[in-house]
Each structure stands twice: as C-alpha cells, then as structure tokens.
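Here are my notes on the model you sent, arranged as numbered points. Please read them with the sequence and the coordinates open beside you.

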Amino acid sequence: MWMDAAEVSETPLYYHAIKVHHQMCMELFQFVTRVSVLLPEIEAARPGCSSGREALCRLNIEIDKANKLRQHCSESSKLYLALTGDSILSRCEKSRNLLEQSLFQVQNMVPVLLAAEISQLIAELRGAIFSLDPSEEEAGKVIKELLHCYASSTDSAEEHAFEAIQVAMCKLHITTLKSLLMEKRSIKKLLGRVGEGETKRRILLLFLKLLNKLEKSIVTEQTENDSLQQEDSRLRYRLDDAEVDVLRSSLPPDEFKCPLSLRLMYDPVVIASGQTYERFWIQKWFAEGNDTCPTTRRKLANLSLIPNHTMKDLISRWGVTHGVTVTNPYMEAAGAHLLESRSNSIASLSSSINNLPLPIDFSNSSLGSSDAGPVSYAKTLNNFDAILEETSDSIHKVQSGIGIQDMDLNPLTRLSSLSWGSQCILVGKISNLFKHNDQSCSWMSSEDFVPAMIRFLKDAHDLNDLNAQILGCLSLSMVLQKCRNSLPYLNDDTFALLVSFIGTEVSKEALSVLKVLSSHQYCQQKIAASGALTPILDMLDDENRELQQRAIKILRNLSVNSRIVSLITPKEIIPKLIPFLEDTALARDTLIILKNLCITEDAASSMAETDGCIPSIVKLLNSESLEDQEHAVALLLSLCSQCVQYCQLVIDTNERVFSDLDTICSNGNSKGKALAFKLLSLFSNDGESSGADVDILNGSTIDYMQQKSSSKAPGLLRKLFSKQGSAAKSKNRCSKTLLC
C-alpha cells in the first residue's frame with residue numbers, strides 16, 4: 001500500500017538512521033564513541049611531548065571526520081551512497097587506521113590502567129574488517145551499469161535505465177511512495193551543494209528524472225485503489241477515538257470477526273465493497289465461483305484484496321491485552337490435510353496452536369512453505385509438534401506444582417531448527433512462562449535464554465518483522481528482570497541492535513530492555529559506546545509518556561557513571577529535564593540525574609543559567625515526598641558548594657527557602673535533615689563550608705541556627721538581613737523562621 005506524500009517527514013539523525021552502509025558506519029562509530037569516552041582521561045594525563053600533542057589533535061580531527069561521514073550517510077541520497085560505496089569503504093578504513101596510529105602514540109604517555117584500556121581498543125581496531133553489505137554492493141553495480149548504458153545513448157537506454165533504477169531501489173529498500181519522496185528530497189539537497197557542470201550533478205539529475213517517472217506510475221496505481229483506501233482511512237479515523245474502550249473490552253468486537261467464519265481475523269483484507277474479511281475465507285469464497293460480496297450480496301467491480309493494516313493492528317493489540325492468540329487458518333488447513341493421512345488426529349496440531357497464549361500476532365509468518373512440498377513440510381510440522389509438546393508438558397508440570405528444578409528441558413537450544421513462524425510461536429510460549437512464573441529462572445537459565453533471544457531478535461530485525469521484534473524485546477526484557485542477578489555477557493553488537501530500535505515502532509520495548517541493562521555497571525559503558533545517548537535524549541521530547549518514563553529511568557542509571565556524564569552536553573539535556581521536575585512520578589529520578597550531572601562546572605553553570613531550573617528545584621523542598629525533599633536539598637547543596645553566587649541565586653529565587661529547609665530539618669528523613677543543616681550552614685558562611693559536619697542526633701535546629709545568627713560574620717544571611725525597606729521585613733520574617 002503506497003503512502004501519501006503528506007506523510008513524508010524528516011528522519012531524525014539517530015545513528016540507526018544511516019541510510020546505506022549502516023553496519024560499516026556503525027562499527028566505525030562505536031570505535032569513535034569509545035575513543036571519545038577515553039579522550040578526557042588522555043587529555044587529563046597531559047602527554048607533554050610534541051608527538052603526544054599531535055596525536056591528541058589527530059584524534060579530535062578523526063572523531064570529527066567520522067561524525068561527518070556518519071552524517072553524510074544519514075542525509076545523502078541512498079542511490080548515490082550505493083554508487084560511491086567503494087569510496088565510503090576506503091574512508092572508513094582510513095579513519096580506523098589513523099585512530100589506531102594516534103592511540104598507539106599516546107599509549108605509553110598515560111597511567112597504566114588507562115594504557116591497558118587503550119591497548120585493548122588498539123587490538124580491536126586492528127582486528128576490525130569493514131565490508132560492503134552484499135545487497136547494497138549489488139545495487140551499486142546495477143547503478144554503475146545503468147550509467148554506462150545510459151551514456152551510450154541507444155534507443156533502449158532510457159527503458160533499461162528505468163528498469164535498472166527499480167532494481168537498485170528494491171535492493172536499497174526504497175519500496176514505498178514515502179521512501180521515494182524522501183530519496184528525491186535527499187537528491188535535491190545534494191544538488192544544492194554541487195556546482196554546475198560537475199559529473200556528480202549530471203548523475204543526480206539523471207536519478208531525479210528516473211524517480212519522477214517512477215513516481216508518476218506509482219501515483220497512477222494509487223489512484224486506482226483510492227476507493228479501497230478510503231474505507232481503511234475512515235475506519236482508522238473512527239477507531240482512534242474509541243481505541244481505548246475497544247482494547248479494554250474482554251469480549252472481541254464484532255468488527256474483529258470475519259463475517260464468513262465468525263472467528264477473529266488473522267489476516268484481514270478489504271474487498272471492493274469496502275467490507276473486511278479473513279483472507280483465507282474470502283479467497284475460498286471467490287474460488288467457489290462467487291463474484292459478489294457475502295454481506296451486501298452485490299456484484300463486485302473486481303476481486304482485488306487490500307490488507308487492512310489498521311484492523312490487524314487492533315486485533316493484535318487486543319490479543320496482547322487479553323492473552324488471546326489468533327491462529328492462522330492456512331496453517332490449520334495445511335495441518336489438517338497432512339494429519340488426516342496419518343493415524344494421528346488433527347487435534348495434535350490444532351490444540352497446540354489454539355492453546356498458545358501468545359502476546360503477539362504474527363501476520364507475516366508461516367509455519368511452512370508451500371514450495372517445500374508435503375514431505376519437508378511434514379518434517380517441520382513433526383519437529384515443531386515434538387518440541388511444542390515437550391514444552392507444553394513441562395509448563396503443565398510447572399502449573400501443577402511439580403518442582404522446576406527437577407526438570408531438564410531447554411527447547412530453545414533447538415529454536416533455530418524450526419521455521420520462522422514456529423520460532424515465533426515457541427518464543428511466545430516460553431515468554432509467557434517467564435511472565436507468569438517467578439521460578440522460571442530455575443527452569444531455564446539466562447545463559448541459555450538470553451543468547452537465543454538475541455539471535456531471534458537479530459533475525460527479526462533482518463527480516464523486518466515488526467511483531468517478532470516486539471515479542472523478542474518483550475521476552476528479553478522479561479527474562480532480564482527475572483534473572484537480573486545472573487546476567488550473561490553481551491557483546492557490542494547486541495547493544496547496537498537494541499539501540500537501532502529506538503525511534504521505531506519498537507521503541508517502548510527496546511527502551512524497557514535498555515532500562516534493565518543500564519542498572520548493571522558493566523553494561524553502562526557499552527550502552528554509551530553504542531551511540532544510545534542521542535536517541536535516548538531525544539525521547540525526552542517525544543509526546544509518548546511511556547517513552548519519556550523509560551528514557552528518564554535509563555538516564556538516571558547511566559548518570560552514576562562519571563565517564564558517561566562527561567559525554568553529555570549540559571546545555572542540551574538540562575532544558576529537556578526541567579518539565580519533568582513538575583511530574584510527581586519522575587521528579588525524583590530527574591533530581592538524581594541533575595545531581596549526578598552537577599559534578600561538572602559546565603552543568604552547574606547551565607543549571608544556574610537555564611530559566612526555571614533552580615525555581616523548580618527549590619519548589620520541591622516543599623514536596624509531600626520526603627525522598628523528593630532529600631534529593632532536592634542534595635542537588636542544591638551540590639550546586640551551592642561550587643560558587644557563592646549560586647547560594648545567592650537560590651536565596652533570591654524564593655523567600656521561603658529558609659522556612660522550607662527548617663521544616664526539613666525538623667520533619668524530613670534522616671538524610672534530608674543532615675543535608676538541610678549543611679545547606680543552611682553553607683548559606684550562613686558566604687557559600688563556604690564551615691568544615692564541620694552537623695550531627696543531627698546531638699543538638700537541635702534552634703540551637704544550631706541561634707549559634708549561626710549570633711556569629712560575627714553571618715555571611716549571606718547578614719547581607720540578606722541588612723537590606724533596608726522591604727528587605728528589613730524579609731530579615732524579620734527569615735529570622736523568625738530560623739529561630740522558631
């Protein structure tokens with residue numbers, strides 16, 4: 001189904017938005033990120049000789065060049081990137097070599113521990129091998145042949161070029177009107193940077209000419225299907241408002257059922273009358289010689305079938321909500337045909353499939369291939385039945401109370417032997433076991449489950465199977481939560497794969513996995529090295545609250561790592577965080593993030609300069625949550641300890657700050673009391689700590705503040721109280737607050 005031009009929007013410049021040469025650029029980008037993490041420590045070691053300074057300069061230059069290359073592969077035309085694949089490959093290899101040489105030069109000029117990290121990175125750089133993606137390389141060859149033939153100016157050159165450009169576009173996944181229009185936009189941007197008469201300009205103009213021709217043919221085809229699309233659009237608009245009520249209902253709406261079979265639809269399609277049916281049953285209706293709509297009984301203009309993606313998505317989500325699985329009627333029919341010829345009953349297959357409590361609808365998967373023939377299909381079916389029967393038997397034992405620890409079962413070791421559809425079903429089955437049984441980690445260790453799930457998730461990504469990607473992330477998140485104390489080793493590719501889902505329809509599930517992983521110290525550095533910070537920070541601007549919540553939780557976990565904090569630009573993140581200080585559910589995590597950022601001067605300065613930041617923090621001193629109060633005081637103490645001007649800024653923000661701090665000293669939790677004492681002490685000493693910690697167990701707020709108010713040099717308090725006019729009233733008010 002072709003998309004309308006109005007749907008075209010700018011693609012965010014996340015690393016996973018790299019259009020072509022994704023794997024190659026990402027491998028280089030991971031190295032660059034790791035170098036960026038080490039760079040502040042290398043600079044702090046101050047390699048003083050000229051060769052050391054030159055190496056540092058080269059590192060910074062190469063990091064900048066690599067980032068520009070990544071930006072080029074994100075913004076440029078896919079067709080032109082495929083054409084210049086060899087050049088991109090050469091640039092990646094050159095950048096890798098220069099990074100290696102520069103790191104080697106500074107390796108012996110830094111402390112031993114840092115030198116060991118650099119040595120490991122150098123070894124990995126030397127072992128890195130870049131190569132073009134086979135499909136993209138083939139697209140490049142097709143485009144080169146296209147240009148060669150077009151230059152010959154033969155009569156068939158135009159026709160050949162039009163056919164060749166479609167082949168190349170298919171290999172580069174330019175298969176929708178939306179992607180075609182975005183490709184045209186990229187070409188036009190490139191044309192704006194290219195001078196007249198250049199060869200590159202002539203090539204781009206040819207691409208644009210061919211794309212315009214292809215667009216016309218697509219629009220013509222789309223116009224013919226407008227009548228069918230209108231019904232889908234009307235249904236989409238109508239269901240948007242009622243979607244929540246539909247998903248809450250425990251009974252499936254009649255619209256979810258096929259009018260012919262009266263069962264939930266697995267693959268809903270719209271026919272020429274505008275009615276929606278299950279593909280299997282309406283095809284059978286047409287195969288019997290009918291040319292009318294079964295519902296309206298009117299003769300149809302044509303027998304075309306258009307997938308109803310909106311209905312399919314709603315049925316799938318309803319199934320996830322209520323634990324209902326929609327079976328594939330094609331699979332049931334094939335299984336019945338095969339099993340009727342054997343002594344076994346068809347119930348062996350139908351009961352196994354019907355009873356699967358899958359959370360996802362796999363519309364793009366099948367358990368067998370019709371091309372493989374009856375024999376190979378039967379083998380696959382038997383293999384699947386055996387594994388599924390074994391799994392179901394074990395789950396039944398678990399539900400019956402038999403000890404999981406006594407069982408020796410790991411069906412995921414045979415997961416790859418199944419067809420893709422069978423894998424999806426089995427993963428869903430086991431995923432539900434983890435979800436509903438707290439002892440599941442004893443039944444299957446994370447060392448077995450996690451690698452199998454990552455392989456499944458990678459295959460789902462390569463196959464562009466959205467539902468399988470969601471299932472894979474949900475299952476992985478579930479097992480990581482249940483077995484968080486036995487997390488297996490995860491390589492860099494795993495983190496790159498997870499981060500690639502951010503910004504897609506799998507964002508929520510991928511962020512859930514990263515939230516669990518970010519709580520593990522060894523994973524934090526890998527998450528940062530995968531380039532996750534930029535897309536996670538951009539999730540804070542998303543309107544989806546669930547995405548925002550997950551992003552905040554991840555940033556809280558990552559912010560405890562000082563190396564990762566050094567990679568975050570305070571002026572970019574702090575304005576994004578301020579609105580979450582008003583959110584009672586996220587205020588505490590936001591305060592912790594800001595507190596962890598505050599270790600750097602730049603972050604402290606940004607907090608002081610950003611409108612609304614300090615007032616929002618001070619406001620939380622009066623929060624109903626004692627923990628929120630504690631973290632707000634901790635943040636203000638960390639900020640004010642760095643500069644006396646910040647103390648004055650906090651005091652000027654709200655005249656009730658002293659009253660709120662005094663209340664915390666009296667009624668806050670133990671940590672909040674101690675921190676509030678220290679902050680009040682800091683205010684009374686011109687922002688300089690007295691050097692003596694306040695023991696909240698020996699002494700009172702009144703005694704302590706009386707001592708401070710009678711001192712000869714009360715610092716900011718004296719300055720504040722010495723003002724005339726209205727300031728005198730402020731003095732009296734504050735003095736009473738502190739002494740009462």
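1. The chain contains 36 helices and three strands, and it should be kept in mind throughout that this is a predicted model. Of its 740 residues, 50% count as buried. Among the contacts in the chain with a separation of 6 or more, 72% come from residues 24 or more positions apart.

2. The pairing of helix α2 (residues 50–75) with helix α4 (residues 85–106) can be described in some detail. The two helices pack at an angle of about 155°, and their axes are 9 Å apart; because angles over 145 degrees count as roughly antiparallel, α2 and α4 are therefore assigned to that class. The crossing in which α2 passes α4 is left-handed.

3. As for the residues that form this contact, α2 contributes Ser51, Gly52, Ala55, Arg58, Leu59, Glu62, Ala66, Leu69, His72 and Cys73, while α4 contributes Ile88, Arg91, Cys92, Ser95, Leu98, Leu99, Ser102, Leu103, Gln105 and Val106. By residue class, the contact of α2 with α4 is made up of 11 nonpolar, six polar and three charged residues.

4. Does the length of α2 agree or disagree with what its residue count would give? At 1.5 Å a residue, the 26 residues of α2 should span 38 Å, and the C-alpha atoms at its ends are 37 Å apart, which agrees.

5. The buried residues of α2 are Gly52, Ala55, Leu56, Leu59, Glu62, Ile63, Ala66, Leu69, Arg70, Cys73 and Ser74. The cover over these buried residues of α2 includes α1 (22–44), α3 (78–83) and α4.

6. Alanine 45 lies in the loop between α1 and α2 and is partly exposed, with a relative accessible area of 25%. Setting aside residues up to four places away in sequence, alanine 45 touches Met109, Val110 and Pro111.

7. The residues of the contact of α21 with α24 divide into four nonpolar, three polar and five charged.

8. Two serines located in helices deserve a look. Serine 475, in helix α19 (residues 466–482), counts as buried at 1% relative accessibility, and, leaving out residues up to four places away in sequence, it touches Val427, Ser431, Phe449 and Met453. The C-alpha atoms of serine 475 and valine 450, which are 25 residues apart along the chain, are separated by 9.1 Å. Serine 616, in helix α29 (residues 613–619), also counts as buried, at 9% relative accessibility; with the same exclusion of residues up to four places away in sequence, serine 616 touches Ile578, Leu581 and Glu582.

9. Why can helix α32 (residues 657–667) be called largely enclosed by the rest of the structure? Eight of its 11 residues are buried, so the description follows from that count. The buried residues of α32 are Val657, Phe658, Ser659, Asp660, Leu661, Asp662, Ile664 and Cys665.

10. Histidine 21, in the segment before α1, has a positive phi of about 65° although it is not a glycine, and histidine 21 is buried, with a relative accessible area of 3%. Histidine 173, in the loop between α7 (157–171) and α8 (177–191), likewise has a positive phi of about 65° without being a glycine, but histidine 173 is exposed, with a relative accessible area of 61%.

Note on methods:
Residues numbered from 1 in each chain as written. Predicted model: local features only at pLDDT ≥ 70, side-chain atom pairs only at ≥ 80, totals over all residues. Heavy atoms only, no water. Axes fitted to C-alpha atoms, helices over the stretch in contact; angles between N-to-C directions. Helix = DSSP H or I, 4+ residues; strand = E, 2+ residues; numbered from the N terminus. Parallel < 35°, antiparallel > 145°, perpendicular 65-115°, else oblique. Left-handed = near helix turned anticlockwise from the far one by under 90°. Contact = heavy atoms within 4.5 Å. Nonpolar A, V, L, I, M, F, W, Y, C, P; charged D, E, K, R; others polar. Expected span 1.5 Å × (residues − 1). Buried < 20%, exposed > 50% of the residue type's maximum accessible area, 1.4 Å probe, protein only.
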